[in-house]
Amino acid sequence: MKISVIGTGYVGLVTGTCFAETGNQVTCVDIDTNKVARLQKGEIPIYEPGLDVLFDRNIAEDRLKFTTDLVEGIKDAEVIFLALPTPPGEDGSADLKYILGVANDLGPILKNYAVIIDKSTVPVGTAEKVRAAIAANATIDFDVVSNPEFLREGVAVEDFMKPDRVVVGTTSEKAKKVMEKLYAPLVRQGNPVIFMDERSAEMTKYAANSFLALKITFMNEIANLCEKVGANVDDIRRGIGTDSRIGKRFLFAGIGYGGSCFPKDVQALAKTSSDYGYDFRTLRSVMAVNDDQKKKLLPVVTEYFDGNLKGKTIAVWGLAFKPYTDDIREAPALENIQALLDAGANITVYDPEAMDNVKKLIPNITYCHTAYAALDDADALMIFTEWPQFRTPDFEKMSKLLKDKVIFDGRNLYELETMRENGFTYYSIGREV
Ligand code: UGA
């Protein structure tokens, strides 16, 4: 099939590359001339494991192209993905200016029937707005379909190539056939393509992310209570996760969820809800609890140092909002580092991927080349991201480097017994000290 992807951000690039990999002819369009020039030279502007291999192969085999020219980019395309940003406005609602801008441009230049696909996470009712914006200037038949993405950063290629399910919002039989053909190579094991109307598809995406954020938040509150009653949240997770109605995944308590999706989508769904006159109380709680959870370890560290962090050096392991990404959006580490700096502490930090991104925002801390270098002469260690290399460190080496053998772990990386054996004072989430 001939496919066009408008927007070469994270979602657009993964979508374009993966559909090229399934044998389609893909052209990606972006207004950012610098970015397109880099992509044309074979450079990927994002860090996503496994994407580079597919990207290189499909460029070499001439199935993946990049352009800034919308007319050239959509020429003969049977499907046109809109993978454009929807930044939150001040009130938390998604701003549709980029999507509707492209929809306006598409109308007059469509020359053949095409299925136009909303891939971005957009509020309920957006497909109708996109359809109206295109129809205002179109001379040929087209369909607008909602097809939300469920990719996790860091495993996006795998999620794309082997989706649990594909959700497609359309009531057009013609569009349904195109979508079935497009996704057939990805659902051969029998995973479903679930068809529904556009509004339900748009809502499905928000419901999925909000439910996952709720699941994590619930476990974070159970963890907070565990600390008070003297229970262990790891045992609770195992105890409830084995109930198939609950499920094992996304039950890990920690320092709060971050990233570009959960915070934005929970906020946007709460806003949609209040726009429709419904007070979605659970979502309000999720947001409030998560805000507090991200700051949870600060009073613990402060108390440990008798209320005075002035001149203390805190080593930080992990900046990214989760492992296998350099993404620092809404990452708990940032807020914590800023608060520690404000309290007069010095920070030494290590993250395998995200340091360059943080340097631009927080220049006045020490960036180290290894995790151990960050510990040298530090008064304590704080952990914010569960990078695998932090999981089985050399505790003896750590003991020698740290001035004080104390760890504040926002990701529950270590067994309590191991820490006891190695003589560390160990604060984690939802477990005894
Ligand atoms: C999330 C969803 O998982 C994807 O399905 C969705 O497509 C994507 O948002 C999106 O809307 O684009 P992502 O933000 O990449 O993906 O990251 P997740 O792996 O879902 O993690 C989100 C946050 O939850 C992270 O801060 C992570 O540390 C936290 N988390 C996750 C926990 O605290 N505990 C868990 O058990 C799982």
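User: What order do the six strands take in the open sheet?
Analyst: The order is β11-β10-β9-β12-β13-β14, and the pairing is parallel. Strands (E, at least two residues) and helices (H or I, at least four) are DSSP runs numbered from the N terminus, and two strands pair if DSSP finds at least two bridges between them. β11 (366-367) and β14 (425-427) are at the edges with a single partner strand each, so one side of each has no neighbour in the sheet.

User: Which helix packs on that sheet?
Analyst: That is α13 (residues 297-304), which touches β12 (380-383), β13 (406-409) and β14. Touching here is a contact: the C-beta atoms of two residues, placed from the backbone, lie within 7 Å. The direction of α13 makes about 165 degrees with that of β13. Axes are lines fitted to C-alpha atoms, for helices over the stretch in contact, and angles run from 0 to 180 degrees between N-to-C directions.

User: Before we go on, where does the model come from, and how are residues numbered?
Analyst: It is a predicted model, where local features need pLDDT of at least 70, side-chain atom pairs count only at pLDDT 80 or more, and totals for chains, interfaces and linings use all residues. Residues are numbered from 1 along each chain as its sequence is written.

User: Back to the strands: how many bridges link β9 and β10?
Analyst: Five bridges, in the parallel sense, join β9 (residues 313-317) to β10 (residues 346-350). W317 is opposite Y350 in β10.

User: Helices next. At what angle do α9 and α12 pack?
Analyst: About 55 degrees, with the axes of α9 (residues 198-229) and α12 (residues 281-294) 9 Å apart. That makes α9 oblique to α12: angles under 35 degrees count as roughly parallel, over 145 as roughly antiparallel, 65 to 115 as roughly perpendicular, and the rest as oblique.

User: Is their crossing left-handed or right-handed?
Analyst: The crossing of α9 and α12 is left-handed. That means the near helix is turned anticlockwise from the far one by less than a right angle, while clockwise would be right-handed.

User: Which residues make the contact?
Analyst: From α9 they include A213 and L214, and from α12 they include V286 and V289. By class, this contact has five nonpolar, six polar and one charged residues. Ala, Val, Leu, Ile, Met, Phe, Trp, Tyr, Cys and Pro count as nonpolar, Asp, Glu, Lys and Arg as charged, and the others, Gly among them, as polar.

User: And what about α9 with α10?
Analyst: α10 (residues 233-241) packs with α9 at about 135 degrees, their axes 9 Å apart. Their crossing is right-handed. M219, I222, A223 and C226 of α9 meet V233, I236 and R237 of α10, and by class that contact has six nonpolar, no polar and one charged residues.

User: Last topic: how many residues surround the ligand?
Analyst: There are 20, and the closest are E153, F252, Y257, G259 and C261. A residue is near if its C-beta atom, placed from the backbone, lies within 6 Å. α9 gives the most to this shell, with three residues. The shell has eleven nonpolar, five polar and four charged residues.
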